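Visitor: Could you walk me through this model? I'd like to hear about its strands and its charged side chains.

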Amino acid sequence: MVDVFVSYARSSSAQARAAAERLRDSGYTVWIDDDLPAHRSFSTVIEENLTAASAVLVLWSEDARASRWVPAEADMAYNADKLVQMSLDGALPPLPFNRVHCEVATGWHGERDAPAWRKIDASIAELVKGKQHRELAPAPTRHATRPLRERMLAVLPFDNLSSDEELTFFCDGVSEEIQRSVADGSDLKVVARSSSFQFRGADKDTAKVAAALGVSHLLDGSVRRGGSRVRISAELVDCTTRSAIWGDRFDGDLEDVFELQDSIAQAVAKALKVALAPKPKERSMPPDLYEEFIRARGWMAEGDAMFDDSATRAVPLLEKVIAGAPDFAPAWELLATARAWELRTGLYEGEYSIGRDSVIHAAHTALELDPRRGGAYASLAKLEPWGSYESREKLLSKALQVSPRDPAILTDMSDFYWSVGRFRDGLALAEQACELNPLMPSAQLHVSQMRLYTGDYEGGIEMNRRIRRRWPDNPGILLSLVNSSSFLDFWDAYDEAVPFIENFSGWQVKDMRAAKAYADAKRSMDPDLIEKRVARYVKLLDDTGTMPLNLILSIAALGKLEFALDLAERANYDYVFDRDGARPSIYYPGTILARWSEPLRSPRITRLCRRLGLADYWVNTDQWPDCVEWVPYDFKEGIRETLAAPA
């Protein structure tokens, strides 16, 4: 698969290679005829790659106009609605391509900041994003993706015009409250804070933001605060025309900030001709408490609850807020979320049962005050044992029902579908979450992983490679690429990734070196290396009494299927039903249900599925995993027979 095909005349080869490099710098896969294999027909390879590309960049010149190949390639792109054009010497495209806009970039030699190139980059981003959505869209009965031109809003962080730089967090809070009001109260899709708030100051160029986020409209503004007075100015911009379609200024006291934010949200909804559902009127609260709340929410939004202490830092502030404003539902919801993350990640230092009770109390209070608090349902789902599939699904379904466009909730439900083998459903939700949070590395990584689980190996690996180049300092992305490329025998991608392991340190590099050691054994199938790896895994079972499911898969892939299943039957998995048990750390049920799973090819796997509680879930809900369509035996019947047999 390729994102961009570059067409050019031979006399422009240096500029074409520069364009290819700029595109690769932006994270795209590029095909240029330097990549032509010696053993394939030129015309065949050209047609294959041009057809597969999401966008075709044609570099026009006088020589290109006279070329045999460039107009033919442009014609294929034109008919497929994926033509992007740039003139290198002022020569304009011939008929009929002159009906499509062409950027004139006379003398361009690869300058990434050239105005013409920025426009080219924005056009390509739009086409590639649209192609990804079309390719990843599931069957019509499943979750649909948005058409390329569907309206979508990004709310940018409002500028701080106050003399106190410390008030930036307050401006962010005002922006986020407006963003949440529009997202929760209408059918309009709104980009998540963690993506839209990456654009500040000079980075707020409309074309740049629209291309990066895939949005049709931007809301930007400023906040000026002096003493107890606050002035909020806001402007709504149509990204296509780059013109403002609404703008206004709002003045009031700090205690009126809720009404000011609601007024802006209502005005935005009216300008976009969407209905904004009424929400429970928040009681006025002391400005200092509101500041504590938005500071805590900012920490939670900007941090990574899985890897830092953002949730732990937020808890004391939220407890202060609910003590002073006990009817403020958003604070109760956020407190439930923070406490649940502390428990899930092992950061909670008190007795587990006390922490769990505090989550339940906070979540139920939030829902009593406002039944539309989806984060409260999601927090309750995080408390459920991993083997309580039906309970988790019910809670997450309620969360999605009231917050259908919350990226965190979409991801939680996608993870759930992954854990029970419903990979296509998981991919659909992962894609929706990524659409709403496109600049979050974990969101893109999750899509790439789910593509692998649905059987799109090439697409998943290439997406993983692309996002690794975009976020080279992210250890999770690199580890995923090392693991998946070696396990699925994409050794070119593995060889590209593995040298970067040494750029990391601590537990990160330890995990990556372990992945490399496994890859060395699998690639060589050297008996000594295999025995060394297997011995380490068996020792883990002997020491802990259990074995991560991904290691069972790994042992089977080393040619030891029956031995791997023997180890699985020795391992204890009772902890997945323990209310106080491990949350995700060593339990990865989805991996044994993947297309590449050797254990899944043996009917013995049904016994493990019973012990993990999966068999009961599938039978009770009649929601079966995707593997029923391709395993070499009647999977449903095997599960039913296993359940009927004595334990």
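Predicted model: local features only at pLDDT ≥ 70, side-chain atom pairs only at ≥ 80, totals over all residues.

Visitor: In the hairpin of β9 and β10, which turn residue has a positive phi?
Guide: Strands here are DSSP runs (E, at least two residues), numbered from the N terminus, and two of them pair if DSSP finds at least two bridges between them. β9 (residues 217-226) and β10 (residues 229-238) run antiparallel over 10 bridges. With 2 residues between the strands, the one at a phi of about 65° is Gly227.

Visitor: Which side chain meets Asp251 in a salt bridge?
Guide: A salt bridge here means a side-chain nitrogen of Lys or Arg within 4 Å of a carboxyl oxygen of Asp or Glu. Asp251 sits in strand β11, and its partner, 20 residues apart, is in strand β10. At 2.6 Å, N to O, the partner is Arg231.

Visitor: Is Glu176 buried or exposed?
Guide: Buried means under 20% relative accessible area, exposed over 50%, and partly exposed in between (1.4 Å probe, protein chains only). Glu176 has a salt bridge to Arg180 at 2.9 Å, and Arg180 is partly exposed at 31%. Glu176 comes in at 2%, so it counts as buried.

Technical notes. Residues numbered from 1 in each chain as written. Heavy atoms only, no water. Helix = DSSP H or I, 4+ residues; strand = E, 2+ residues; numbered from the N terminus.
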